[in-house]
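Have the viewer open and follow along as we go.

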Amino acid sequence: MCANLSGWYLQGRLTVNSAYNTSWYFGPNALALARKNMTYVSIRQEAHSANIAIVEAGLVVLTWGNASVADRQHGVIAIKPSGVSYSDLSPETMVIVSIETGEVVEGEHHPSSDTPTHLELYRAFPDVGAVVHTHSRYAVAFAQAKKPIQCQGTTHADNFRYDIPVTRSMTESEVSADYEAATGRVIAETFRERQLDPGEVPGVLVANHGPFAWGEDAQKAVENAIVLEEVSRMDLYTLTIKPDSGPAPQYLIDKHYLRKHGSGAYYGQTR
Ligand SMILES: [Zn+2]
């Protein structure tokens, strides 16, 4: 996974600034981590890459976004620190947190204030390896309208097999008690009650808030967050042109989803 992700990150960065990029992966940050006896190096690097990637993809304004990556074997995640600007992020500033207890295992900063939401998602969805949260504007527009992102075409179906749901509104007691953890529990409840597989629908809109997306690894979670935003924009345009346009036929959706996912997948290069 690490090799793939670094390849993905490197590919993207090399087109922009190859000198910066090579030093990022092999140079000062790796040395800084070793000097401080920091461990969980690969998830630190992947979480850092994912947090930078969502900014570069245009999904994040100011600090309205965060990404985390899990090491399931050791029961921890690496997540963006709270209140640190993106330009100051590095693998060593990522915070390592226990999935089970929520305690900081390693790190010099406080973890993102949204950490309890991420943790609830990792607990509820055992196959998820990375989580991305943004306030990307088209997805937020649907979240604020409390309207699901309907699967209207093949762009959506390539990554999401069904509509992207909206959670119920959170109650006053949920918001006042443990708001961030309750946000994660409401997402899990949405999938449980609607019998949705988080592998088939790797994202959600939290009512009056915004999108969360996830994936088996950081690269996939970032891709799903980008697709979620893009199909939100496409849906809005489609609804503007024709408000009752309706969903794409399920057989077309299934064709596109299943040719890329599952046992009969045939899209892309044979491995
Ligand atoms: Zn948020």
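## Strand S5 and its neighbours

How many bridges join strand S1 to S5, and do the two run parallel or antiparallel? Five bridges link S1 (residues 65–71) with S5, and the two strands are antiparallel. To find this pairing in the predicted model, look for Ala-67, whose bridge partner in S5 is Val-132.

S5 also pairs with strand S7 (residues 210–215), again in the antiparallel sense, through four bridges. Here Val-131 has Trp-214 of S7 as its bridge partner.

## Two covered faces

Side chains in a regular strand alternate between the two faces of the sheet. In S5, Ala-130, Val-132 and Thr-134 lie on one side, while Val-131 and His-133 lie on the other, and all of them are buried. Both faces of the strand are therefore covered, and because five of the five residues in S5 (residues 130–134) are buried, the strand is largely enclosed by the rest of the structure.

## Helices H5 and H9

Two packed helices can be described by the angle between their axes and the distance between the axes. For helix H5 (residues 115–124) and helix H9 (residues 179–193), the angle is about 35° and the axes are 7 Å apart. The crossing of H5 past H9 is right-handed.

On the H5 side, the contact is made by Pro-116, Thr-117, Leu-119, Glu-120, Leu-121 and Ala-124. H9 contributes Glu-180, Ala-181, Thr-183, Gly-184, Arg-185, Ile-187 and Ala-188.

Notes
Residues numbered from 1 in each chain as written. Predicted model: local features only at pLDDT ≥ 70, side-chain atom pairs only at ≥ 80, totals over all residues. Buried ≥ 20, exposed ≤ 12 C-beta atoms within 10 Å, placed from the backbone. Pairing = 2+ DSSP bridges. Axes fitted to C-alpha atoms, helices over the stretch in contact; angles between N-to-C directions. Left-handed = near helix turned anticlockwise from the far one by under 90°. Contact = placed C-beta atoms within 7 Å.
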